Amino acid sequence: MPTGATNKKKYTYVWVSAIILIFGIFAVYEITKRVGEGTVVENDRMTLPNSQSSVGFVISNGQKRKVPEFSFLNQDSTVVTNADYLGKVYVVEFFFSTCPTICPIMTKNLVELQDTFKDYPEFGVASFTINPRYDTPEILKKYAGKYGITDPDWHLMTGDRDKIYSLAQEGFYIVANEDESVPGGFEHSGMFALVDKNGNIRSRNDEFGNPLIYYRGTITEKQGVSAEGEAQQITILKEDIKKLLLEE
């Protein structure tokens with residue numbers, strides 16, 4: 001290659017490098033300035049593709065899965081329906097007060113959520129007993145006192161057994177059965193469902209892009225991982241509750 005052409009190419013590289021450097025310095029200056037002024041907005045921040053970054057809808061038969069209608073008595077002997085939860089982000093569980101295994105852990109995790117979102121009137125919890133013959137409103141009231149349940153939008157509900165089981169199995173697809181062979185006499189999954197302000201069941205996706213649908217309620221944040229190697233999901237549940245609370 002002739003010497004003149006080589007020099008011309010070098011000069012071109014120098015000018016391109018100088019332009020890139022100038023624009024880089026300007027960009028850093030502008031970002032620093034805007035951060036200092038507090039004018040950086042969400043669209044200015046770098047975001048990376050992440051299947052877990054949003055809380056999607058749970059789809060069944062091409063439709064958003066919604067909470068079915070229900071009507072039960074709570075621990076104050078007040079009728080509570082699904083309509084009472086509209087406008088709120090809430091967590092759903094199925095439990096029973098005499099459960100000797102997973103329910104105490106689930107309740108403690110929900111109390112942790114209650115305390116985390118105590119300043120958010122749009123947050124609530126819906127707990128349905130799967131042993132309504134024993135769990136009367138009076139029993140549930142004592143249970144609430146024992147575990148420090150204070151949120152006025154945390155209703156522990158009891159009522160017709162078949163309707164509760166139908167709500168669990170057909171409404172949420174959550175296991176709830178009488179089974180004398182298991183401790184306490186009732187089988188249940190220990191999973192939490194998350195519901196948005198419009199009554200839609202919501203969930204983030206797993207690493208494969210599939211909806212989690214439910215969140216593990218039987219492992220605490222402090223515990224981290226169960227004996228079976230399953231990771232706790234209370235942390236991500238908190239994150240997703242926050243996201244839904246910000247939705248209009």
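**Figure 1. Ser-77 sits in the loop between β4 (71-73) and β5 (79-81).** This view, like those that follow, comes from a predicted model. Ser-77 has a positive phi of about 60°, although Ser-77 is not a glycine. The residue is partly exposed, with a relative accessible area of 42%.

**Figure 2. Asn-61 occupies the loop between β2 (59-60) and β3 (63-64).** The phi angle of Asn-61 is near 55°. This is a positive value in a residue other than glycine. Relative accessibility is 81%, so Asn-61 counts as exposed.

**Figure 3. The protein chain holds five helices and 13 strands.** The chain has 248 residues, of which 38% count as buried. Take the contacts between residues at least 6 apart in sequence: 70% of them join residues at least 24 apart.

**Figure 4. The largest nonpolar core has 54 residues.** Phe-94, Phe-128, Phe-172 and Ile-241 have the most contacts inside this core. Several elements give two or more residues to the core: the strands β6 (89-95), β7 (123-129), β8 (154-157) and β11 (191-195), and the helices α2, α3 (137-147), α4 (161-171) and α5. The largest share, six residues, comes from β6.

**Figure 5. Phe-172 is one of the residues with the most contacts inside the core.** Residues up to four places away in sequence are not counted here. Phe-172 touches the aromatic residues Phe-94 and Tyr-214. Phe-172 also touches Val-67, Val-92, Leu-167, Ala-193, Val-195 and Ile-201. Arg-65 is another residue in contact with Phe-172.

**Figure 6. Helix α2 (residues 103-116) packs against helix α5 (residues 234-246).** The angle between the helices is about 35°, and their axes are 11 Å apart. The crossing of α2 past α5 is right-handed. From α2, the residues at the contact are Asn-109, Glu-112, Leu-113 and Thr-116. They meet Ile-234, Leu-237, Lys-238 and Ile-241 in α5. By class, this contact has four nonpolar, two polar and two charged residues. An α-helix has 3.6 residues a turn, so residues three or four places apart point the same way.

**Figure 7. Helix α2 has a span that agrees with expectation.** The helix has 14 residues, which should span 20 Å at 1.5 Å a residue. The end C-alpha atoms of α2 are 20 Å apart. Buried residues in α2 are Cys-103, Met-106, Thr-107, Asn-109, Leu-110, Val-111, Leu-113 and Gln-114. Two of these, Asn-109 and Leu-113, also take part in the contact with α5.

**Figure 8. Gln-114 is a buried residue of α2.** Its relative accessibility is 4%, under the 20% limit, so Gln-114 counts as buried. What does Gln-114 contact, leaving aside its neighbours within four places in sequence? The partners are Phe-123, Gly-148, Ile-149, Thr-150, Asp-151 and Trp-154.

**Figure 9. Helix α5 has 13 residues.** From first C-alpha to last, α5 reaches 19 Å, close to the 18 Å expected at 1.5 Å a residue. Ile-234, Leu-237, Lys-238, Asp-240, Ile-241, Leu-244 and Leu-245 are the buried residues of α5. Lys-238 and Asp-240 are charged members of this list. The cover over the buried residues includes helix α2 and the strands β6, β7, β11, β12 (201-203) and β13 (215-216).

**Figure 10. Ile-241 lies in helix α5.** Is Ile-241 buried or exposed? Its relative accessible area is 0%, so Ile-241 is buried. Not counting residues up to four places away in sequence, Ile-241 touches Val-89, Val-91, Leu-113, Phe-117, Phe-123 and Leu-194. Among them, Leu-113 also belongs to the contact of α2 with α5. Ile-241 and Val-195 are 46 residues apart along the chain, and their C-alpha atoms are separated by 8.9 Å.

**Figure 11. Pro-152 is found in the loop between α3 and β8.** At 65% relative accessibility, over the 50% limit, Pro-152 counts as exposed. Pro-152 and Val-125 are 27 residues apart in sequence. Their C-alpha atoms are 9.4 Å apart in space.

Notes
Residues numbered from 1 in each chain as written. Predicted model: local features only at pLDDT ≥ 70, side-chain atom pairs only at ≥ 80, totals over all residues. Heavy atoms only, no water. Axes fitted to C-alpha atoms, helices over the stretch in contact; angles between N-to-C directions. Helix = DSSP H or I, 4+ residues; strand = E, 2+ residues; numbered from the N terminus. Left-handed = near helix turned anticlockwise from the far one by under 90°. Contact = heavy atoms within 4.5 Å. Core = buried A, V, L, I, M, F, W, Y, C linked by side-chain atoms within 4.5 Å. Buried < 20%, exposed > 50% of the residue type's maximum accessible area, 1.4 Å probe, protein only. Expected span 1.5 Å × (residues − 1).
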